Amino acid sequence: MDGRLDGTERKQKSVVIQEGWPGYNLELFNYPEHYHGDIENVYIPHGVIMDRIESIARDILEDLGQHTLMVLCVLKGGYKFCADLVDSIKAQSRSTNCPLTVRVEFIRLKSYLNDRSTEDLHITGPDDLSVLRGKNVLIVEAIVGTGKTMMSLLKHVVTFQPKTIKVAGLLVKQGPNGAAMLPDYVGFVIPNHFVVGYALDYNEYFRDLDHICVISEKGKLKYKV
Amino acid sequence: MAACLEIFDDDKGHELSLFCVPKHYEEDLDSVIIPNGLIKDRTERLARDIVGDMGGHHIVALCVLKGGYKFFADLMDYIKALNQNSDKSVPLTVDFIRLKSYANDQSTNCVKVIGGDELSALTGKNVLIVEDIVETGKTMETLLALLHDCNPKMVKVASLLVKRTPRSSGYRPDYIGFEVPDKYLVGYALDYNEYFRDLSHICVLSDKAKEKYKV
């Protein structure tokens, strides 16, 4: 699962945010005024996300930088993480001896209603994912909760016979409802709060917020479907 | 009381391997205590607070070199962005001074101001002093006393970091990014005998490194 070329374990796989961490006071940061009152705190500032992405990109480049990389972006929540991750991978690859070719494909998964994960998983996107055959595939997902969605998606991708499949998750939820297995690349392990921002939504709202924040009860009611 | 982001004494910071750190410093640092991105986000907010208070009149931003330069550059960028994007904006001029008072990691009582334009240029202006870190507060108090004689309209101090230390004189800047523990911090233009200015995150210096880079 680690994939380091020299066989050594990576020292630590992810930043871990402990249960009970209160996040940062909203008054210490900039955020769009239209969300005033709808968020509790700044949980993970945009800048820290960018720094962590830079580090993950470096690790990915080390493991998968030898052959064309097929990135499979899970929309809509994954779009910012994917864009910033691919940018960082390409920027760092430019300064190596063998610049990497990166191709991106997009798929959509619908499995949430309000803040609850539903049983059904709808996968839409290119019908023909045969471009993945024989390639190194990197699935890029914004958040892994129970892990059920990811397991279903992996089963689907395997049918296209890629060479390797790795998963990069910006956020992974810990706790009794959390994923049993960690993705290959993890930005932050977080407790079981409903977080929004950085393309993560609550009924389509909050995707236009740069920081990752915990939604307030007021926000949940205001934007309820 | 100025709002600030507190980094607590028992905060262990982040593992070095979780962030991008120049290879030549990997053995010299204990942990990443403030990632570069967090500094940028906090600075963006400080810029908004500053323009809110001082934006009514020509601002002269006075950068205290060398430690203050990165914070100064980023802060100016955010202030300029606000100026460009709003209906009202205010002229912003800059100047640079050096304060000499360090050798190794002991703060001495002697402060000397070097460089800068004629201090008379500050008369009647809103002066913003931009500093990287305030520890005892004595350096800043000395500078403020000096500037007072030029009759500026307003003088405010923005410091990226304020150290939580018993050696503090009690002085608090008007704008504070982060309040930090009494550990030796390097990175983001904070140096140890001129080293570590090329590190983008703020990190805790290891004891081993203090010996290695000693003057």
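Modeller: One cut-off to begin with: an angle between axes under 35 degrees counts as roughly parallel, over 145 as roughly antiparallel, 65 to 115 as roughly perpendicular, and the rest as oblique. Keep in mind that this is a predicted model.

Biologist: OK. At what angle do the axes of α1(A) and α2(A) cross?

Modeller: Roughly 55 degrees, and the axes come within 8 Å. Helix α1 of chain A covers residues 46-64, and helix α2 of chain A covers residues 79-94. By the cut-off above, α1(A) and α2(A) are therefore oblique to each other.

Biologist: Left-handed or right-handed, the way α1(A) passes α2(A)?

Modeller: The crossing is right-handed. On the α1(A) side the contact is made by Met50(A), Ile53(A), Glu54(A), Ile56(A), Ala57(A), Arg58(A), Ile60(A) and Leu61(A). From α2(A) come Phe81(A), Asp84(A), Leu85(A), Ser88(A), Ile89(A), Gln92(A) and Ser93(A).

Biologist: How many nonpolar, polar and charged residues in that contact of α1(A) with α2(A)?

Modeller: By class, 9 nonpolar, 3 polar and 3 charged.

Biologist: Next, the other chain. What does α1(A) do with α1(B)?

Modeller: α1(A) packs against helix α1 of chain B, residues 36-54, with the axes 6 Å apart and an angle of about 160 degrees. That angle is over 145, so α1(A) and α1(B) are roughly antiparallel to each other. The crossing of this pair is right-handed.

Biologist: Which residues make the contact there?

Modeller: His46(A), Gly47(A), Val48(A) and Asp51(A) from α1(A), with Asn36(B), Gly37(B), Leu38(B) and Asp41(B) from α1(B). They divide into 2 nonpolar, 4 polar and 2 charged.

Biologist: And the whole interface of chain A and chain B, how much area is buried?

Modeller: About 1,900 Å², with 57% of it on carbon and sulfur atoms. In residues, 22 of chain A are in contact with 20 of chain B.

Biologist: How many salt bridges across the interface of chain A and chain B?

Modeller: The rule finds 0.

Biologist: Change of topic, backbone. Is the peptide bond from Leu75(A) to Lys76(A) cis or trans?

Modeller: That bond is cis, with omega near -5 degrees. Lys76(A) is in the loop between β3 (69-75) and α2 of chain A.

Biologist: What about the phi of Gln161(A)?

Modeller: The phi of Gln161(A) is positive, about 55 degrees, although the residue is not a glycine. Gln161(A) sits in the loop between α3 (148-158) and β7 (164-173) of chain A.

Note on methods
Residues are numbered from 1 along each chain as its sequence is written. Chains are lettered from A and ligands numbered from 1 in the order in which they are written. This is a predicted model: local features need pLDDT of at least 70, side-chain atom pairs count only at pLDDT 80 or more; totals for chains, interfaces and linings use all residues. Side-chain values use heavy atoms; hydrogens and water are left out. Axes are lines fitted to C-alpha atoms, for helices over the stretch in contact, and angles run from 0 to 180 degrees between N-to-C directions. Helices (H or I, at least four residues) and strands (E, at least two) are DSSP runs, numbered from the N terminus. A crossing is left-handed if the near helix is turned anticlockwise from the far one by less than a right angle, and right-handed if clockwise. Contact means heavy atoms within 4.5 Å. Ala, Val, Leu, Ile, Met, Phe, Trp, Tyr, Cys and Pro count as nonpolar, Asp, Glu, Lys and Arg as charged, and the others, Gly among them, as polar. Buried area is the accessible area (1.4 Å probe) that two parts lose on being put together, summed over both. A salt bridge is a side-chain nitrogen of Lys or Arg within 4 Å of a carboxyl oxygen of Asp or Glu.
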